[in-house]
Amino acid sequence: MAELTPELIDVRPDERFDNGALLAWLDGRLPGSDHPLEVRQFARGKANLTYLLRFGDTEYVLRRPPLGPVAPSAHDMGREFRVLSRLWQAFPKAARAYEYCDDPSVIGAPFFIMERRHGVVVQGVIPPVFGSGADRLANRKLSTAVVDTLAELHAVDPGAAGLDDLGHPEGFVRRQVEGWTGRWHDAKHEDNALADEVALWLLAEQPESDEVSLLHNDWRLDNMAVSEDDPGECVAVYDWDMCTRGDPLVDLGTVMSIWFDPGEVPPAFRDMPTSVPPNDGGFMTRAEAIHRYADRSGRDLTEFSWYEVFGAFKLAVVLQQIYIRWQRGQTKDDRFARMGVGAQVLLEVAAARR
């Protein structure tokens, strides 16, 4: 079984920045930032880099893109700042963003600073505070929190959040398929007939949809924090750099892409979304989760299988993008060495769910 990852670590050597340059830029911008600065790094992220800025008793969070070249539309700190500087008013589970810097000379990349939220992030292994996987009720609550919070986000009026001009919802689904197919070709390290086959199927079978809601676009359990006192209470949702407006079932397909039923993937990949087996461990099965979302949102999920395939394909591409940066030496984080295998597993999941 995977081990628990600590929340905070010393900043990785290749991911450090000039604290003095940051302090100079921050001068007068944030309450409390005139105190000595301590920088720590959040350990769990696999793409964007996230740091804790501690000024005595005052804490903030800094977000920046990953090391190495990234696609112009990916890891968009300006977009994430825009979303989080507004969304908190209509969706309080989104942390508030305070300041944005687009000058790469400060820390080496654009970044923004947001409020610090305290909660428990569950990544793969259920922590002891929730019974280490043996508490069926806690496991059930974690799974319902994922689904219920997503339905809550999709009920938000984009206009009420000041985001009614975000993205381009017309033709959203087709652009998603074409865009992620292009990203696959940019990131692949070898030809893959299965990836090509799934991409062609997605384009040919795409559903007709004109519903529009706010989308997180990377919805998953480990992009949430829950209350230490209640695993069913979401206190924060993170990683909004791909937030847009479009078909809400794309969000549901994203999280269902890693909601594995018993025997569906090798045991090593069971930690997405948790290492707890569905049903007998209390965690909802994928079918139960889909039904719950339908009930909570009131949406018709007749064509939802297409979104499950797309979600698995999209996540396969994400893992491949992470892996190729490691393979090319653009990051030295050895956690990424197995991402290429993960991408292949998800391609196989996508093909099987057609």
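**Figure 1. Phe-313, a buried residue of helix α8.** Phe-313 has a relative accessible area of 1%, and it therefore counts as buried, the term for values under 20%. The model shown here and in the other views is a predicted one. Phe-313 belongs to helix α8, which covers residues 304-327. Leaving out residues up to four places away in sequence, Phe-313 touches Trp-180, Thr-181, Ala-195, Val-198, Ala-199, Leu-202, Leu-347 and Ala-350. Val-349 is 36 residues from Phe-313 along the chain, and the C-alpha atoms of these two residues are separated by 8.4 Å.

**Figure 2. The open sheet of six strands.** The strands follow the order β1-β2-β3-β4-β6-β5, and their pairing is antiparallel. β1 (8-9) and β5 are the edge strands; each has a single partner strand, so one side of each is left without a neighbour in the sheet. Helix α2 packs on the sheet, where it touches β4, β5 and β6. The direction of α2 makes about 155 degrees with that of β5. Helix α1 (residues 19-26) lies across β2, β3, β4, β5 and β6. The angle between α1 and β6 is about 70 degrees.

**Figure 3. Strand β3 and its pairing with β2.** How many of the seven residues of β3 are buried? Six of them are, and the strand is mostly covered. β2 and β3 pair in the antiparallel sense, with four bridges between them.

Figure 4. Arg-54 stands opposite Glu-59 in β4, and Tyr-51 stands opposite Leu-62 in β4. Two residues lie between the strands of the hairpin. Gly-56 in this hairpin takes a positive phi near 65 degrees.

**Figure 5. Strand β4 beside strand β6.** Strand β4 (residues 58-64) has seven residues, five of which are buried, so β4 is largely enclosed by the rest of the structure. Four bridges link β4 to strand β6 (residues 111-115), and the two run antiparallel. Which residue of β6 is the bridge partner of Leu-62? The partner is Ile-113. Tyr-60 has Glu-115 as its bridge partner in β6. In a regular strand, side chains alternate between the two faces of the sheet.

Figure 6. Arg-96 sits in the loop between α2 (77-84) and β5 (97-101). The relative accessible area of Arg-96 is 35%, and the residue is partly exposed. Apart from neighbours within four places in sequence, Arg-96 is in contact with Leu-84, Trp-88, Met-114 and Glu-115. Met-114 and Arg-96 are 18 residues apart in sequence, and the distance between their C-alpha atoms is 5.7 Å. Glu-115, another of these contacts, is the bridge partner of Tyr-60.

Figure 7. Rolling a probe the size of a water molecule over the atoms shows where empty space is left. The model has five cavities of 30 Å³ or more. The largest cavity holds about 90 Å³ of space. Its lining has 17 residues, and the closest to the centre are Glu-15, Gly-45, Ala-47, Leu-49 and Phe-336. By type, the lining consists of six nonpolar, five polar and six charged residues. β2 (38-42) and β3 (49-55) each supply at least two residues of this lining.

**Figure 8. Two loop residues with positive phi.** Ser-132 is not a glycine, yet its phi is positive, near 55 degrees. Ser-132 lies in the loop between β6 and α3 (136-154). With a relative accessible area of 43%, Ser-132 is partly exposed. Asp-239 also is not a glycine, and its phi is positive, at about 65 degrees. The loop that holds Asp-239 runs between β9 (230-237) and β10 (244-246). Is Asp-239 buried or partly exposed? Its relative accessibility is 23%, and Asp-239 counts as partly exposed.

Conventions. Residues numbered from 1 in each chain as written. Predicted model: local features only at pLDDT ≥ 70, side-chain atom pairs only at ≥ 80, totals over all residues. Heavy atoms only, no water. 1 Å grid on protein atoms, 1.4 Å probe; cavity = no way out; pocket = protein on both sides within 12 Å on 5 of 7 lines; lining within 4 Å. Points joined across faces, edges and corners; volume = space filled by probe spheres on them. Nonpolar A, V, L, I, M, F, W, Y, C, P; charged D, E, K, R; others polar. Buried < 20%, exposed > 50% of the residue type's maximum accessible area, 1.4 Å probe, protein only. Pairing = 2+ DSSP bridges. Contact = heavy atoms within 4.5 Å. Axes fitted to C-alpha atoms, helices over the stretch in contact; angles between N-to-C directions.
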